[in-house]
Amino acid sequence: MKVLVVDDDVVSRMVLMHLIDSCGKFDIVEAEDGADAWRQLEDGLRPAICFCDLRMPRLSGMELLQRVKGHAELNTMPFVLVTSANDKDTVQEATNAGAAGYIVKPFQAEQVRVHLVNFLDQAASGYDHHAEDPAATLRRLGINAERLLVYLSGFQNQLTVATGDLEALLAKGQQQEAQARVERLHAGCVTLGLDGAAAVLKSLAPGKLSNEAVQAVLADVVRAVIHQSGLIRQSGAA
């Protein structure tokens, strides 16, 4: 399975390729910038997923995303932005334009893995993506599919921030504050109909939170968000 990595910074590109390679057996194709990536795509390259830096010369990540979404054969390809932490407004714009998500520099392996999980052997993970039918969620919340995707994207961003915040809280032994944060994330899962994710958050023992357990659970919740977003897009409702 082909994975396209687009980044004009050679070191960042190599680090990302290494992390992807550590997640499983993938055929990784690299592009030095957006223009190079678009040339390869026009020449017939059909990757299963693309990881693309946001800020590049010649053709930016946003511009490449727009071209991909406007191409009949490429518009269903998951497009993951690679960005810095201060690009959140642009990331939100890109998410509204159809980006599947984003990862933040400096890279962490789990950030990369969650975007590849649908291409790995999910039977090995043992995780159940059980969730409310998206149509039922739309009726319950009284919103359309486009709005639900925005909510899911916002929740994914919240989870990304919570990953670092919870690690810091637990390192300081602040169990009560960490538990309150977990409970807010649980409420978000319930609101968005992510039943399996809500259950796995509920399984964390109050007062006995460990960073290892919390990080593993948050990774599962991110997978659930990505999975549910994919279902909505596949349905053609958004």
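Cys50 has a relative accessibility of 1% and therefore counts as buried, where buried means under 20% relative accessible area, exposed over 50%, and partly exposed in between, with a 1.4 Å probe and protein chains only. Cys52, at 0%, is buried as well. The model is a predicted one, in which local features need pLDDT of at least 70 and side-chain atom pairs count only at pLDDT 80 or more, while totals for chains, interfaces and linings use all residues. Residues are numbered from 1 along each chain as its sequence is written, and side-chain values use heavy atoms, with hydrogens and water left out.

I turn now to helix H6, residues 134-141. Helices (H or I, at least four residues) are DSSP runs, numbered from the N terminus. Pro134, Thr137 and Leu138 of H6 are buried. They lie on the same side of H6, because they cover an arc of only 100° around the axis, taken from the directions from the helix axis to the C-beta atoms. Among the elements covering these buried residues are helix H7 (145-171) and helix H10 (211-235).

Finally, the two ends. At the start of H6, a side-chain oxygen of Asp133 comes to within 2.9 Å of the backbone nitrogen of Ala135. After H6 comes Gly142, with a positive phi near 70°.

Definitions and conventions:
Helices (H or I, at least four residues) and strands (E, at least two) are DSSP runs, numbered from the N terminus. Contact means heavy atoms within 4.5 Å. A polar contact is a pair of N or O atoms within 3.5 Å; within protein, one must be able to donate a hydrogen and the other to accept it, and residues adjacent in sequence count only if both atoms are side-chain atoms.
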